[in-house]
Amino acid sequence: MRIEVLGPLRVVDGDRVVGVGGVRSRALLARLALAGSAVSAHALVAAVWPEQSPKHPEAALHSLVSRLRRALPDSAELRAETAGYRLDVPAETIDAVRFERSADRGRRALRAGRLGVAEELLTEALDLWRGEPLADLAHLSFAAAAAARWTEIRLGAVEDRIEAMLAGPTGHTGLCTELNQLLADHPLRERLRELLIRALIADGEQTAALSAYEDYRAALATDLGADPGPELRRLHLRLLRGDTERVAGNVRAPLTSFFGRAVDRRQVVRRLRDERLVTLVGPGGVGKTRLATEVGADLAVPVWLVELAASARPDDLPRTVAAALGLRESADATAGLVEFLASAQTVLIFDGCEHVIDHAAQLAAELLGRCPRVRILATSREPLGISGETLYPVSPLAPGPAVRLFTERARAVQPAFVATDTVDRICRRLDCLPLAIELAAVRLRSMSIDALAAGLDDRFRLLTGGSRTAPPRHRTLRAVVAWSWDLLTDTERAAADRLAVFPASFTSAAAESICVPKEDLYALVDKSLLDYVDGRYRMLDTVREFGLDRLTTAGTLAAARAAHATCFLELAERAEPYLRGTEQLSWLTCLAGERHQFDAALAFSRDTADSVTAVRLGAALGQFWAVHGDHAEAAGLLSEILCMPGEVAPDTRLRATAGYLLNALFAGSLGTISVPRPVRACDPVSAFVFALLALADGALDDGIDVLEPHLRHHDPWTRGMLWFIRALLRGAAGRDSRGDLIAAVDCFRVCGERWAWSLSLMSLAHVSSTAGDADAAKAMLDEAARLSRELGTHDGQRAWLAMVRIDAGDVETARTELTDLLACDAASHEYALAHISLADLARYEGDLDAARIHLGSVADAAQPPERALYAAGAGYLAAATGEFDTAARYLGEARDIACTLPDLPMLAHVAVGLADLAHRGGRPAQASEILGVAHALRGGPNSGHPDVARLTRALREFRADYRRGSALDPADALERVRMF
C-alpha cells in the first residue's frame, strides 16, 4: 500500500487506487499519515473540523475513524491508543517521506562529488510529485503548512539536480529553458540565477550570461537595495576576465571504427560522473587507450590526453602533463598545473601509467587534492593504489565484436574480404585482444587467411608491423607483452614464467605446488598478467605463449612441466577413492575443473616417454572418465597409455587396465581390445579385468566363475561393481540377471556412489520392462533420474536413461529429458543418442520430416554404439517411408555392428527393425518370427516399447511364428538374425 500526498491525496493498493470518500475522512487520513506517530483526539478534531467542533467531538471522531478503517486496505492498521490514534504503516508508505529521504541522500551525494548518483537520486525524488501537495485539502491549515514545506524542499532538490548536471563531465540540454521558467516564479532566488549563468556559460553564451547577471543586479538594487552575493560576484568577475571560456582539449578524432565497447563506454562515463579518479586496468593490447579516448569524446568538458610513456624520466611527469596541456615551461611544473586547473572543470586522461606508477599516483593525488573540479581517467596495467581510486577492468572483446573488428581491418587491405569461421578461430586464439587482431588482419596483405591461422603457432614472429604512429610498445605483439614483463620484479617474472605451464585456469594451491606463492599471484593479478574469476586464476593464451617462450629459451620448460604433471597426478590419486562414495559430487566437480590440466600432464608424460606417470594418471582417472561419459575418447587414450614401454608397478597397470576395459565396455569397443589376461584373479581388480575380457571373448561362464569368490568383498562399491559385471555376463548368456542387478543396486545404495547406482537401476529397469513389468521399471527410472539430477553435468548416461524410459513406454517423460539434454552442453555421444531417440519419437507420431531432421543432425556418428543406433533409426525411417532397399541396407549395417558388441538388447532393437521391414514388405509370418527372435535375444517381450507394441498388435494372427522365434536360445537367435 502507498499513501500519496505529493498531489491530491491518493491511496494505492498494488495497482488499484482505493477510494477514500469525504473531505473529513481524507483530512483524517492525511493528518495521521503526516504525523508518523500517535495523534491526540483533540488535535485530530481541530485538524478535521477547524472552524467549529461537532457537539460530541469524541463520538464524531470515532465514527469517522470507523468509516476510514472500512475504506483502507487490510494492510493498513488504524490503531486506537491511550494518546489518541495512530496509522501503523511503514514510513516508506508515504511518498513524502520517500521524497525527503531521496532528496537528502542526493544532496549529500552532490556534496561528496558523486554527481551521477546525486542526479539519479534527485530525479527519483522529483518524479514522485504529481501536482500541488494535498491540493484537495489546501483549505486546511495543517495541509497548507506541509505543502509549503515540501514545495521549498522540492525547489532545493531541483537546484541540486541542475547543479549535479552542470558539474558533471557529460553533456546537458534544456537547462536554460528550465531555469528561466523557475526564475519567472522566483526572480530573486540567487542560487537559481547563478545556475542559469553557469548553464549559459556551458552553452558558450557568455554575452547572455553577462546580461543575466546585470538583470539580477538591477532587480536586487531596485526591489531590495542589495547587491549579489560573493559567489555570484566572483563568477561575474571570471566572466569579465574571460576565464570561463571553454578550451577544447587535445583528444584527436579516431581514424577507425570502434567495436564492442558500448556498455563499457557508458559505464566508464557514469563512473566519471560519480568518482574523480577512474583507472582502466587490463592487459596490454586490450584497448584501454582507445576506450579512454572514446569516453573522452562523450564528455562535455575539456579532455586532455597525456601519454605518460613519453616521459623520459619518472620525475619529469609534471612537465609531460604540462606540455600536453600546452602550458609554458616553468621551474615548478606542478604549481603551474595546479594554477591552470584550480577552477577548471577538466578531465585528464593519464595513459600508460604502469611504467611510472609511483610518480603517476603521486601527481594524481596532488592534482585531485588541489583542483576540486578536475577528474582523472587513467589507463594502466596495474592500479595507482591511492585513496578514492575506482578500478574499471577492461576485458578482451566478445567473439562477435572481435570478428567484426578483424573483418573491417582486413577490408582495409583486401576490400573484397569476407569473414569465415576461420576468422572466429583466429580471434579466439588471439584471446580476442583488439591489438593482436589488428596486427593479424593487416597480415592478409601478404598471406591467405588459412596461412595466417596456421602461423599463429608462432604468433610473436608473425604479428609485427603495427601502425608507424603507434608507440613502440604497440607495434608488435611481442613488444606488447614484453612491456608488461619488463615492469615485473625478478621474483614476479619468474613466477609468471612458471605459471605459463597451466593451459587453463588454476587454483592458488596448484600454483603453490610449482613454487609460486600467493603473494606473487596477487601481484600478477594487480599487474593484469592474470585474471581472477570465481576463485581461480587464468593467464591469457598470448601471455602464456610468451612465458613458454621464455621457459624454452632459459632451458627450464621441461622442469616446469614436470612440476605441473606431479601436481595434478597427486590431485588425481588423492581424489580417486572419493569417487566411489558419498563425497563423489564435490570431487567430480574438483576434477572436472582441472580436465585441461590433466590433459596437459598426460601429454607431457607421453611426450617424455614417462610411462610411470602416464599409467598412474590413467589408473587414477579411469573412473572419472567413465562417469563423465567420454568413453570412446577415454578408452583410446588409456589404450595408448598402456602401450607405452617401460616398467610400471603391476597393480598400477592393472588398475589402468580396469579403467580401460570399463570405458571400452560403454564405448562398444570391448570386442576390439588386446590386453593381456591376468594370470590369476586373486583380487577384485584382476577378477574384474578377467571377467570383462571373458565378456569380450564370449567365455561367459569363465567370467562368471572368476567373480564368484569376490562377491562378498568388504567394500560395498567393489561388491556392487562385480555384481554389475556378473549381470552383464549372465545377460549376454541369455540368463536372468535380475538378482545380480538387485544386489548391485543394494551395494551402491550403501556406499552412496550415484553414477554406478543410477547405472544399475537403469539396467534393472530395462530388465523389468523387457519382462513386461512397466510399473516397476518406471519407479526405478524415477529413482535413477533423481540420482542423475544430483550428478548434473557429471552424468554421462542421461540419454540412456531416456532410452530405457521409451522401452518402458514412458514416452513423454523421455521426450522431456532428451529435449533438456540437447539444451545443455552434452557430450558428443549423448548428443547423438538424444537425436536418434527423438527421431524415433517423431516417427511414432507420424512426423517423418522431424525424424529425418533429427537423424540428419548425427549422420556422421562414428562410434560403434551410436553408429549402430543411427543406422537402425535410419532403417526404421526408410521402412516407414516405403524405401525398403534403403531400409534393408541401414538395418544390415546396424546388425553387423551390433553383432560385434556384447550387447544383446541392441541386437534385439535391430531385430525389431528387421521385423518391421518384413511386415511392411508383406511377409507377416517372417516378421512375427523375427519379433520372437528379438524376445529371445533380450530375454523378454519388451511389450511397452512403441515399435514392439505396434508390431505385436499387427501380427497377432501369427503367434505361432512368434513362439518359434522366442523359443531359441541366445546363440541360435543371434545366428538367425545374422541370416536374415
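In which sense do strand 6 and strand 10 pair, and over how many bridges? Strand 6 (residues 277-281) runs parallel to its partner, strand 10, and five bridges link the two. The model described here is predicted.

- Five strands form an open sheet in the order 7-8-9-6-10, and their pairing is parallel.
- Strand 7 (303-307) and strand 10 (389-393) are the edge strands; each has a single partner strand, so one side of each has no neighbour in the sheet.
- From one strand to the next, the twist averages 20°.
- Within the pairing of strand 6 and strand 10, Thr-279 stands opposite Leu-391 of strand 10.
- Helix 13 (residues 317-324) lies across strand 7 and strand 8 (346-351), and the angle between helix 13 and strand 7 is about 135°.
- In a regular strand, side chains alternate between the two faces of the sheet.

- Strand 4 (residues 77-81) pairs with strand 5 (residues 84-88) in the antiparallel sense, over five bridges.
- Glu-81 has Gly-84, in strand 5, as its bridge partner.

**Two helix pairs**

- Two packed helices are described by the angle between their axes and the distance between the axes.
- The axes of helix 4 (residues 95-111) and helix 6 (residues 141-167) cross at roughly 35° and come within 10 Å.
- The crossing of helix 4 and helix 6 is left-handed.
- On the helix 4 side, the residues making this contact include Ala-96, Phe-99, Ala-103 and Leu-110, and on the helix 6 side they include Trp-150, Ile-153, Ala-157 and Ala-164.
- Helix 37 (residues 774-791) packs against helix 38 (residues 798-807) at an angle of about 165°, with the axes 10 Å apart.
- Angles over 145 degrees count as roughly antiparallel, so helix 37 is roughly antiparallel to helix 38.
- Helix 37 also passes helix 38 in a left-handed crossing.
- Lys-778, Leu-781, Asp-782, Ala-784, Ala-785 and Ser-788 of helix 37 meet Arg-798, Leu-801, Val-804 and Arg-805 of helix 38.

**Helix 35**

- Helix 35 (residues 738-751) has 14 residues, which at 1.5 Å a residue should span 20 Å; its end C-alpha atoms are 20 Å apart, in agreement with that figure.
- The buried residues of helix 35 are Asp-740, Leu-741, Ala-743, Ala-744, Val-745, Cys-747, Phe-748 and Cys-751.
- Residues three or four places apart in an α-helix point the same way, because there are 3.6 residues a turn.
- Helix 34 (716-732) and helix 36 (754-770) are among the elements that cover the buried residues of helix 35.
- Gly-752 follows helix 35 and has a positive phi, near 80°.

- Thr-657 lies in helix 31 (residues 650-667).
- With a relative accessible area of 8%, Thr-657 is buried, since the cut-off for buried is under 20%.
- Apart from neighbours within four places in sequence, Thr-657 is in contact with Leu-642, Val-675 and Val-689.
- Ser-669 sits in the loop between helix 31 and helix 32 (684-697).
- Ser-669 has a relative accessible area of 19%, so Ser-669 is buried too.
- Again leaving aside neighbours within four places in sequence, Ser-669 is in contact with Ala-635 and Ala-664.

Note on methods. Residues are numbered from 1 along each chain as its sequence is written. This is a predicted model: local features need pLDDT of at least 70, side-chain atom pairs count only at pLDDT 80 or more; totals for chains, interfaces and linings use all residues. Side-chain values use heavy atoms; hydrogens and water are left out. Helices (H or I, at least four residues) and strands (E, at least two) are DSSP runs, numbered from the N terminus. The expected span of a helix is 1.5 Å times one less than its number of residues. Buried means under 20% relative accessible area, exposed over 50%, partly exposed in between (1.4 Å probe, protein chains only). Contact means heavy atoms within 4.5 Å. Two strands pair if DSSP finds at least two bridges between them. Axes are lines fitted to C-alpha atoms, for helices over the stretch in contact, and angles run from 0 to 180 degrees between N-to-C directions. Angles under 35 degrees count as roughly parallel, over 145 as roughly antiparallel, 65 to 115 as roughly perpendicular and the rest as oblique. A crossing is left-handed if the near helix is turned anticlockwise from the far one by less than a right angle, and right-handed if clockwise.
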